[in-house]
Amino acid sequence: MNIILLGPPGAGKGTQARKLVDERNMVQLSTGDMLRAARTSGTEMGKQVAAVMDRGDLVTDEIVIGLIREQLEADTGAGGYIFDGFPRTLAQADALGRLLVDMGENLDCVIEMQVDDEALVARITARATCKDCGEVYNDNTKPIPADGNCTNCGSRQIERRADDNEESLKTRLMAYYKQTSPLVGYYYAKGDLKSIDGLASMDEVATSIATALG
C-alpha cells in the first residue's frame with residue numbers, strides 16, 4: 001500500500017508515519033532524510049544533490065524524483081510506502097504519479113490531516129522533539145520527562161526547533177496554503193483523498209488513519 005500524508009507543518013504527519021512504519025512495515029520516504037543521506041553517499045545522484053545544496057539552491061523536482069525512484073527500486077518487499085514531504089506542488093504530484101505508473105506501483109490513498117490554524121500554533125509553540133529518535137513532547141499533553149531523558153530511546157537530546165514560534169509558523173503555514181493545499185482538490189478529484197481530524201489525540205488520529213486505509 002502506498003500513501004501520501006497531507007497536512008500543514010506540525011499536523012503530526014511524522015508521528016503518524018512512524019506508527020505506520022512500526023505497525024505495517026511500511027517505508028517512510030522523507031524528502032529531507034533522502035536528501036541528507038544522498039549528500040553524503042558519494043553516488044552520482046548524491047554528488048548532484050551536494051553540488052546544488054552547497055550552492056544554496058533548491059533541489060529540482062527531477063532530482064527528488066530520481067531519489068524516490070532509487071528508494072522504490074531498493075526497498076522491494078516492503079509493506080508499502082509513505083510519501084512524506086513530497087509532493088508539495090501540483091507539478092510534483094503529476095511527476096510522482098508518472099513515476100508510480102512507470103514503476104508498476106499504485107497510489108492507494110491520500111490522507112489529509114485537517115487542523116485549525118490557531119490550535120496548531122498553540123500545539124507547535126509547546127513542542128519539543130528528541131533529536132535522536134524523533135519522539136515528540138508537548139508542554140501541555142506530554143511534557144519532557146523531569147530527568148530530561150527521552151522515554152523512547154533514553155537520549156538527552158530533546159530540543160525545541162528554532163522555527164517553532166508563532167511568527168515562523170505563520171510564515172510556514174502561508175507557504176503551505178499557497179503551494180501544497182491545492183493538492184487537496186487535486187487528489188479529491190481523483191477519488192484518492194480521505195480527510196481526518198489532525199488535532200485529535202495521537203491514538204485517535206492513528207485509529208482514523210487505520211480506518212481510512214482499511
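**Binding-site residues and a helix pair**

Student: Which residues does UniProt list under "binding site" here?
Tutor: The unreviewed UniProt entry places that feature at Gly 10, Ala 11, Gly 12, Lys 13, Gly 14, Thr 15, Arg 127, Val 136, Tyr 137 and Ala 200; UniProt positions are given in the numbering used here, feature names are shortened, and annotations may be inferred rather than shown by experiment. This is a predicted model, in which local features need pLDDT of at least 70 and side-chain atom pairs count only at pLDDT 80 or more, while totals for chains, interfaces and linings use all residues. Residues are numbered from 1 along each chain as its sequence is written, and side-chain values use heavy atoms, with hydrogens and water left out.

Student: OK, is Ala 11 buried or exposed?
Tutor: Ala 11 has a relative accessible area of 2%, so it is buried (buried means under 20%, exposed over 50%, partly exposed in between, with a 1.4 Å probe and protein chains only).

Student: And where is Ala 11, and what does it touch?
Tutor: Ala 11 sits in the loop between β1 (2-6) and α1, where helices (H or I, at least four residues) and strands (E, at least two) are DSSP runs numbered from the N terminus. Leaving out residues up to four places away in sequence, Ala 11 touches Met 113, Val 115, Leu 120, Arg 123 and Gly 198, contact meaning heavy atoms within 4.5 Å.

Student: What about Ala 200?
Tutor: Ala 200 is in the loop between β8 (193-197) and α9, and apart from neighbours within four places in sequence, Ala 200 contacts Arg 123 and Val 205.

Student: How do α1 and α9 cross?
Tutor: The axes of α1 (residues 13-24) and α9 (residues 202-213) come within 11 Å and cross at roughly 60 degrees, which means that α1 is oblique to α9. Angles under 35 degrees count as roughly parallel, over 145 as roughly antiparallel, 65 to 115 as roughly perpendicular and the rest as oblique; axes are lines fitted to C-alpha atoms, for helices over the stretch in contact, and angles run from 0 to 180 degrees between N-to-C directions.

Student: Which residues make that contact?
Tutor: From α1 they are Thr 15, Gln 16, Lys 19, Leu 20 and Arg 24, and from α9 they are Met 202, Asp 203, Val 205, Ala 206, Ile 209, Ala 210 and Leu 213.

Student: New topic: where is Arg 161, and how exposed?
Tutor: Arg 161 lies in the loop between β7 (158-159) and α7 (166-179), and Arg 161 counts as partly exposed because its relative accessibility is 42%.
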